[in-house]
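This report concerns one protein structure, shown below. Please keep the sequence and the model in view while reading.

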Amino acid sequence: MQTLHVELGERRYPIFIGSDLNPQQLLEPYIHGKQVMIVSNDTVAPLYLEHYKTALEKLGKTVATCILPDGEKFKDIQHLNLIFDALLEAGFNRDCTVLALGGGVIGDMAGFASACFQRGVYFIQVPTTLLSQVDSSVGGKTGINHSLGKNMIGAFQQPQVVLADMSQLSTLPDRELSAGLAEVIKYALLGDEDFLVWLEANMEGLIARDEQLLAEAVYRSCAHKARIVANDEKEQGERALLNLGHTFGHAIESYLGYGEWLHGEAVATGMVMAADLSQRMGWISEADLARTKKIISRAKLPIVCPKIPLDDFLGYMAHDKKVLNGQLRLVLLEQLGQAIITRDFDVELMKQAILVNQA
């Protein structure tokens, strides 16, 4: 097992990364009250819920559960209310802990519920997908979607602890594994070319679910994110770099309908669009763009999206959270392994990058 810490002063918390982790041993120091609400979904719960419920009951905890339907399309206020219903019906108090057992949707919803219930209760992340292990479980961003934009309603709610268990990835569908690799590739492209070289050498092993390679990829991704979050928790500056590909990707997700494309699939094509624009602006070479497309394709991810009318695409981009004072900011590549946040881009070149990367 490897351990990282997100350094946030008194709110410092660990990320445990390994295989067959012991939840009873690892979670005990981070549960402050007697009551634990496990929030999961109807795909993950049959696989892992009893394991965690039993471990917590052995610690003398009162455990209740809230099982939501699986999918991004359920990440809305109606299903968020089901968590509040479960907490209230169980009679839980301000010392309770909400434990998210699932992927990014469950983590976001459970975290947002914990931030709101009785104005804030304890929160633990047990991410069961690669995407949530390397991205959404770390850093405290929680929230739900709105029909006009993804993740537009939410709160910052840091967990007490994160458990990333590689053995749980054995039950992950191939498409979900690839979606997680999109976020792994993101960290390499935006800030670590050595990591990109490592991914190029080990992509087949990652696709084959080699647990040692997956643990290394998770560790390096989380280390990168933990450093950025420690510097900029509320995304006032540097943290926006983590949105490489996301402004384009969120537009794809919103237009197609939440859940039609997985988040990582949309981000993958969004990163291609960002790299394409960076190349058109003369910042990266054609060879760099080809290299970006190749590593994304090797991860079995799409590099083009379905046809989306340009006006619709631009309309969804205009609702992005990175719009500031009416101006869209993009994360682009000055070179592979070095990203910047900028308003200084050619809109016509951006439109070309969008259109050319559609099927």
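## Basis

The model is predicted: local features need pLDDT of at least 70 and side-chain atom pairs pLDDT 80 or more, while totals for chains, interfaces and linings use all residues. Residues are numbered from 1 along each chain as its sequence is written, and side-chain values use heavy atoms, without hydrogens or water.

## Domains

The domain assignment divides the protein chain into domain 1 (2–169) and domain 2 (174–357); such bounds come from an automatic or database assignment. Taken over C-alpha atoms, the centres of domain 1 and domain 2 are 25 Å apart. In contact across the two are 37 residues of domain 1 and 36 residues of domain 2, where contact means heavy atoms within 4.5 Å.

## Helix H11

Helices are DSSP runs (H or I, at least four residues), numbered from the N terminus. H11 spans residues 286–298, 13 residues in total, and reaches 18 Å from its first C-alpha to its last, close to the expected 18 Å. The expected span is 1.5 Å times one less than the number of residues.

Leu-289, Thr-292, Ile-295 and Ile-296 are the buried residues of H11 (buried is under 20% relative accessible area, exposed over 50%, with a 1.4 Å probe and protein chains only). They lie on the same side of H11 because they cover an arc of only 130 degrees around the axis, the arc being that of the directions from the helix axis to the C-beta atoms. Helices H6 (174–191), H7 (193–207) and H10 (263–280) are among the elements covering them. Glu-286, Ala-287 and Lys-294, on the other side of H11, are exposed. Just after H11, Lys-300 has a positive phi of about 65 degrees.

## Annotated positions

An unreviewed UniProt entry lists Glu-183, His-246 and His-263 under "binding site"; annotations of this kind may be inferred rather than shown by experiment. The three are spread over 81 residues of sequence but cluster in space, with a largest C-alpha distance of 10.1 Å.

Glu-183 is in helix H6 and is buried, at 0% relative accessible area. Not counting residues up to four places away in sequence, Glu-183 touches Leu-131, Val-134, Asp-135, His-246, His-263 and Val-267. His-263 lies in helix H10 and is buried at 14%. With the side chain of Glu-183, the side chain of His-263 makes a polar contact of 3.2 Å (N or O atoms within 3.5 Å, one able to donate a hydrogen and the other to accept it; residues adjacent in sequence count only if both atoms are side-chain atoms).

Definitions and conventions
Helices (H or I, at least four residues) and strands (E, at least two) are DSSP runs, numbered from the N terminus.
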